[in-house]
Amino acid sequence: MRKYLNEFGLFMVGTPYTICRQVHLDVVDAKAKTDGVSLNIYTIGVRPKLSIDPDSVVISKGRIRGCFRAQKQNGFVSFSWDEPNPFGTENVKFETKYPYSEFSLIGPKGRVIGGDVGAVLAGMHGTDISDNPNPLLDIEVLYVGQSYGEAGERSALTRLRSHETLQDIYANIHERMPEKDVWLIPWIFNEAQYQTISFGGLAEGGDGPEDMEHVEKVQANPVSYRQKINFTEAAMIRYFQPPYNTTFKNQFPNHEHKSYSECYAVDLNLVAVELQTWFVATRLYSEKIQPGLYHVASFPLHSAEERANMFDFSNTGAGVRNGPIF
């Protein structure tokens with residue numbers, strides 16, 4: 001059943017602000033405040049421990065080469081990196097200390113001129129993520145959460161400093177999977193976009209007053225940012241089915257949930273979340289979802305008996321339009 005001539009879906013598009021460990025939260029938080037970005041959604045996940053083989057690093061005038069090691073149970077799997085030397089000199093010293101997960105580059109005058117977490121460097125240079133993704137860099141999603149103050153002032157990083165679930169994950173991983181590292185992804189979500197689909201005269205209401213009232217209602221009542229964050233968290237949980245989440249895993253969407261009731265109030269057809277991680281060279285996955293650089297979690301707000309999914313184009317002449325509607 002088509003209810004309206006014009007159906008609307010609300011989309012949130014997310015990219016990682018960074019991939020970090022708990023020890024680096026203060027540094028990332030400070031940068032986020034300087035950049036003026038809101039980090040209200042986060043994921044917690046794991047991947048193999050990554051370190052740098054200190055004996056493998058060779059610095060020449062033109063190149064910097066070395067090997068990463070990914071722990072696999074009691075052994076290691078190695079893969080190399082090779083990048084241009086941005087300093088243009090071989091008079092650069094590479095320093096790293098056990099457990100060789102971080103490194104520094106020391107210049108001719110003894111000044112630190114570079115450095116990073118080895119796993120971050122691995123993601124940038126260890127693989128051609130588009131054509132040949134490295135599964136050792138994949139992150140398994142264990143938990144999805146949000147942090148949002150009364151005025152939207154709290155970032156995800158604020159809550160993660162004392163997050164009970166994060167501490168439980170650390171304890172369980174240390175006990176059961178010591179070859180894994182816990183990684184945190186705070187997300188940036190772009191301004192939500194409406195996608196509009198017109199079905200010609202196929203809607204039950206046709207192009208009469210009911211349809212125009214629907215369009216005007218959506219235009220006049222934009223869904224608040226808080227409720228967009230709420231449905232984004234819920235959609236990500238329903239999609240990945242993370243083992244440390246309980247709420248929303250099997251009960252999203254639901255018109256009785258007040259946290260995203262505005263979506264029902266304006267009678268949207270569906271909500272969706274799109275996640276892109278290609279630029280951090282990391283695929284996400286879970287027990288239910290295969291590894292991927294690109295994930296789309298799309299959920300109709302109504303049952304198939306109540307109302308047809310706006311993306312069901314069978315036997316229609318529907319036209320799609322993206323972007324803000326006001």
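**Figure 1. Contacts and secondary structure across the whole chain.** Among the contacts in the protein chain that have a separation of 6 or more, 73% are accounted for by residues 24 or more positions apart. The model shown here, and in every view that follows, is a predicted one. Along its sequence the protein chain has 7 helices and 16 strands, and of its 326 residues 50% are buried, that is, under 20% relative accessible area. The accessible surface of the protein chain comes to about 16300 Å², and carbon and sulfur atoms hold 48% of that surface.

**Figure 2. Close-up of helix α6, residues 225-240.** Helix α6 contains 16 residues, and the distance from its first C-alpha to its last is 23 Å, which is close to the 22 Å expected at 1.5 Å a residue. Is this helix largely enclosed or left open by the rest of the structure? Of the 16 residues of α6, 13 are buried, so the helix is largely enclosed by the rest of the structure. The residue that follows α6 is Q241, and the phi angle of Q241 is positive, with a value near 55°.

**Figure 3. Close-up of the largest cavity and the residues that line it.** When the whole structure is searched for cavities of 30 Å³ or more, 1 is found, and the space in the largest cavity is about 30 Å³. The lining of this cavity is made up of M236, Y239, F240, V273, L275, H295, V296 and A297. Two or more of the lining residues come from each of three elements, namely helix α6, strand β13 (270-276) and strand β15 (294-300). Sorted by class, the lining of the largest cavity includes 7 nonpolar residues and 1 polar residue, while charged residues are absent from it.

**Figure 4. Close-up of the second largest pocket and its lining.** The second largest pocket holds about 230 Å³ of space.

Key. Residues numbered from 1 in each chain as written. Predicted model: local features only at pLDDT ≥ 70, side-chain atom pairs only at ≥ 80, totals over all residues. Heavy atoms only, no water. Helix = DSSP H or I, 4+ residues; strand = E, 2+ residues; numbered from the N terminus. Buried < 20%, exposed > 50% of the residue type's maximum accessible area, 1.4 Å probe, protein only. Contact = heavy atoms within 4.5 Å. Areas by Shrake-Rupley, 256 points an atom, 1.4 Å probe, with all protein chains shown as cover. Expected span 1.5 Å × (residues − 1). 1 Å grid on protein atoms, 1.4 Å probe; cavity = no way out; pocket = protein on both sides within 12 Å on 5 of 7 lines; lining within 4 Å. Points joined across faces, edges and corners; volume = space filled by probe spheres on them. Nonpolar A, V, L, I, M, F, W, Y, C, P; charged D, E, K, R; others polar.
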